[in-house]
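Notebook open, model loaded. I want to jot down what I look up as I go.

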Amino acid sequence: MNYSVEGLKLVIDLVINHSSDEHPWFTKSINREEPFADLYVWKDPKGYDSNGSPIPPNNWRSVFDGSAWQWNDQRKQFYLAQFSAKQPDFNYHNKQMRTEIKKIFKFWLNKGVAGFRLDAVRYLLEDDQFRDEPVSSPDIKIPYKFNDLQHIYTQNLWISYQLLHELRRFFDRVAKKFTDFER
């Protein structure tokens, strides 16, 4: 159905920060299949504890508490999940991921969607050096909760806004094809 033909304007709410861990892209990423291998944020362990368990790459915490890093035994790496372990984060440092998300937008625009509301954009990109975030108070010795940290490496980074600007330029180019596209 082309909604614009029916006189309706449809705006889609998209979370472009992550997918489901059941998405085919994630399965292919686990298996290191190209071009999907690096569409998600993967990191080697920092080391191994005395029991032989892998140690997360840094101290980043999930919005829902707990480590933002989830171990994948098949790939032998951690993947970043800033919300739920079932929602692995996309890797927007990878140009292929940027291309894939634009294909998704274009698909919906071709269906007649008038626009998008993007959620969780402050989490789109993270520090590419994967540094530990500072604790939010000197009283916190071991950060267990999300608010125990200052999120200077995982939220509102300048590179996230650069990505949004890139997406806006994409929309402006693509929108010329759609005569009733409103800004």
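How exposed is K86? I get a relative accessible area of 44%, so K86 is partly exposed; the scale calls a residue buried under 20%, exposed over 50% and partly exposed in between, with a 1.4 Å probe and protein chains only.

Ground rules before I go on. This is a predicted model, where local features need pLDDT of at least 70 and side-chain atom pairs count only at pLDDT 80 or more, while totals for chains, interfaces and linings use all residues. Residues are numbered from 1 along each chain as its sequence is written, and side-chain values use heavy atoms, with hydrogens and water left out.

**Salt bridges**

I searched for a side-chain nitrogen of Lys or Arg within 4 Å of a carboxyl oxygen of Asp or Glu. That gave me 11 salt bridges. K86 turns up with D21, at 3.2 Å from N to O. This pair links distant parts of the chain: D21 is in the loop between β1 (11–15) and α1 (24–30), K86 is in the loop between β6 and α2, and they are 65 residues apart. For the element names I rely on DSSP runs numbered from the N terminus, helices being H or I with at least four residues and strands E with at least two.

K86 also forms a salt bridge with E22, where the closest N and O atoms are 3.6 Å apart. I find E22 exposed, at 61% relative accessibility.

Next I checked R98 and E166, whose closest N and O atoms are 2.4 Å apart in their salt bridge. R98 belongs to helix α2 and E166 to helix α3, 68 residues apart. Both ends are buried: R98 has a relative accessible area of 18%, and E166 comes in at 16%. I also noted one network, in which salt bridges that share partners join D13, R117 and D119.

**Helix α3**

E166 sent me to α3, residues 158–175. The helix has 18 residues and reaches 25 Å from its first C-alpha to its last, close to the 26 Å expected; the expected span is 1.5 Å times one less than the number of residues.

Which residues of α3 are buried? I list S160, L163, E166, L167, F170, F171, V174 and A175. They are on the same side of α3, because they cover an arc of only 165 degrees around the axis, taken from the directions from the helix axis to the C-beta atoms. On the face turned away from that buried side I see the exposed residues W158 and R173. The cover over the buried residues includes α2 (95–110) and β7 (115–119).

**Aromatic pairs**

I paired rings of Phe, Tyr and Trp (its six-membered ring) with centres within 6.5 Å, calling planes under 30 degrees apart stacked, over 60 edge-to-face and the rest tilted. The whole structure has 19 such pairs. W60 and W69 are stacked, because their ring centres are 5.8 Å apart and their planes are at 25 degrees. W60 is buried at 1%, and W69 is buried at 3%. One cluster is formed by W25, F26, F36, Y40, W42, Y79, F90 and Y92.

**Q74**

Last stop is Q74, in the loop between β5 (69–72) and β6 (77–80). Q74 is exposed at 56% relative accessibility. Beyond its neighbours within four places in sequence, Q74 is in contact (heavy atoms within 4.5 Å) with I30 and N31.
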